[in-house]
Amino acid sequence: MITLLLILHGLTAVALLGAVSHQAASLFFRQTTPGGAFVSRYARVDAGRFTVPVIWLYLVVFVLGSVIYPAYRVDVRIPFEELGLLWAVGLFEIKEHAGGIGVFVLPLYAVAWRSAGDPSTLTDRRMITAFIAGVVWFDFIAGHLLNNIRGLA
Amino acid sequence: MKISWSPRAFSALFCLAYVGFYGFEKPLFRYYPVNGEIAWGAADSAVHVGPGMAWYGLMASAALVALVGAFLVKDDWMAARFKSLQWIFPYGAVAVCLYYLRPYFLY
């Protein structure tokens, strides 16, 4: 069951990664001219449409992660500590705290995108979207690294 | 009287409260996954089996403070007071957490 939940956690995280990366790219690299290289094509999306999917996907990933967290605490973290892999424990701690803060920043993220047409809120929108994207990317890579060291059985 | 709830204040207060509760080690509860027990407040881990988890309790503590605070602070006030600077709260919270976590990387 834990393995199934971990796979679902990972798969939804991939979808979240794609959505928030598109949105962040659109905020930072958007060009209005047609054509262009891959990055400009990748960024030429209606960024506002990603807001609701990002929120829902974040919540699903967060809930799944919260459900499997106790298994990590007992079956993975203790062996990490016994092996002296404190950096790995620390990596998960960062993932845990950043992910937890991220979920409660979603209301601010939603507000920032509610006024998407207002240029005066662009800085907040950029910084908060970059924060969410950064947390998602960090948590994804950290989770992958830790699972490579010792996965959940 | 019209009751309003400020999402801006909620997120900002959560960030502030989270680092406060984390720094002072004051989760609302601790969860002990081996036996599935929950111990309220500052639990003594010696009387429970296995490791305790404070993370759920930390979020609950901070969420309670943020939830109440978001009813007391006006959203317009937050928007005007922290114009273009609301992003400071989550970045600051993560920076403080990284500071708290430095022993894991500096051993």
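Where in chain B is B:S84 placed? The legends below, which describe a predicted model, begin with this residue.

**View 1. Backbone geometry at B:S84 in chain B.** B:S84 lies in the loop that runs between α3 (75–81) and α4 of chain B. Its phi angle is near 65 degrees, a positive value in a residue other than glycine. B:S84 is classed as partly exposed because its relative accessibility is 22%, and the partly exposed class begins where the buried class, under 20%, ends.

**View 2. Backbone geometry at B:E25 in chain B.** B:E25 belongs to the loop between α1 and β1 (29–32) of chain B. As a residue other than glycine, B:E25 has a positive phi, near 50 degrees. With a relative accessible area of 56%, B:E25 is exposed, since the exposed class covers values over 50%.

**View 3. A nonpolar patch on the surface of chain B.** The patch is formed by B:I3, B:W5, B:L67, B:V68, B:F71 and B:L72. Together these residues present about 630 Å² of accessible area. One of them, B:F71, is found in helix α2 (residues 55–72) of chain B. B:F71 counts as partly exposed because its relative accessibility is 43%.

**View 4. Overall form of chain A.** Chain A contains five helices and zero strands, giving the pattern α-α-α-α-α along the sequence. The C-alpha trace of chain A spans about 55 × 30 × 30 Å along its principal axes. Of the 153 residues in chain A, 51% are buried.

**View 5. The largest pocket and its lining.** This pocket holds about 720 Å³ of space. Its lining comprises 32 residues, and A:H9, A:G65, A:K95, A:D139 and A:G143 lie nearest the centre. Four helices of chain A, namely α1 (2–29), α3 (51–82), α4 (86–114) and α5 (122–149), each supply at least two residues of the lining. The greatest contribution comes from α3(A), with nine residues. Sorted by class, the lining of the largest pocket has 18 nonpolar, 10 polar and four charged residues.

**View 6. The second largest pocket, lined by residues of chains A and B.** About 410 Å³ of space lies in the second largest pocket. It is lined by 19 residues, and those closest to its centre are A:E93, A:H97, B:Y22, B:A54 and B:L58. At least two lining residues come from each of α3 and α4 of chain A and from each of α1 (7–23) and α2 of chain B. The lining of the second largest pocket divides into 10 nonpolar, three polar and six charged residues.

**View 7. The largest cavity, lined by residues of chains A and B.** The structure holds one cavity of 30 Å³ or more. The volume of the largest cavity is about 40 Å³. From chain A, the lining includes A:I94, A:H97 and A:A98; from chain B, it includes B:V94, B:C97, B:L98 and B:L101. Two or more residues are given to this lining by α4 of chain A and by α4 (88–100) of chain B. By class, the lining of the largest cavity has six nonpolar residues, one polar residue and no charged residues. A:H97 is also among the residues closest to the centre of the second largest pocket.

Key. Residues numbered from 1 in each chain as written. Chains lettered and ligands numbered in written order. Predicted model: local features only at pLDDT ≥ 70, side-chain atom pairs only at ≥ 80, totals over all residues. Heavy atoms only, no water. Patch = residues over 30% accessible without salt bridge, like charges linked within 9 Å, V, L, I, M, F, W, Y side chains within 5 Å. Areas by Shrake-Rupley, 256 points an atom, 1.4 Å probe, with all protein chains shown as cover. Salt bridge = Lys/Arg side-chain N within 4 Å of Asp/Glu carboxyl O. Buried < 20%, exposed > 50% of the residue type's maximum accessible area, 1.4 Å probe, protein only. 1 Å grid on protein atoms, 1.4 Å probe; cavity = no way out; pocket = protein on both sides within 12 Å on 5 of 7 lines; lining within 4 Å. Points joined across faces, edges and corners; volume = space filled by probe spheres on them. Nonpolar A, V, L, I, M, F, W, Y, C, P; charged D, E, K, R; others polar.
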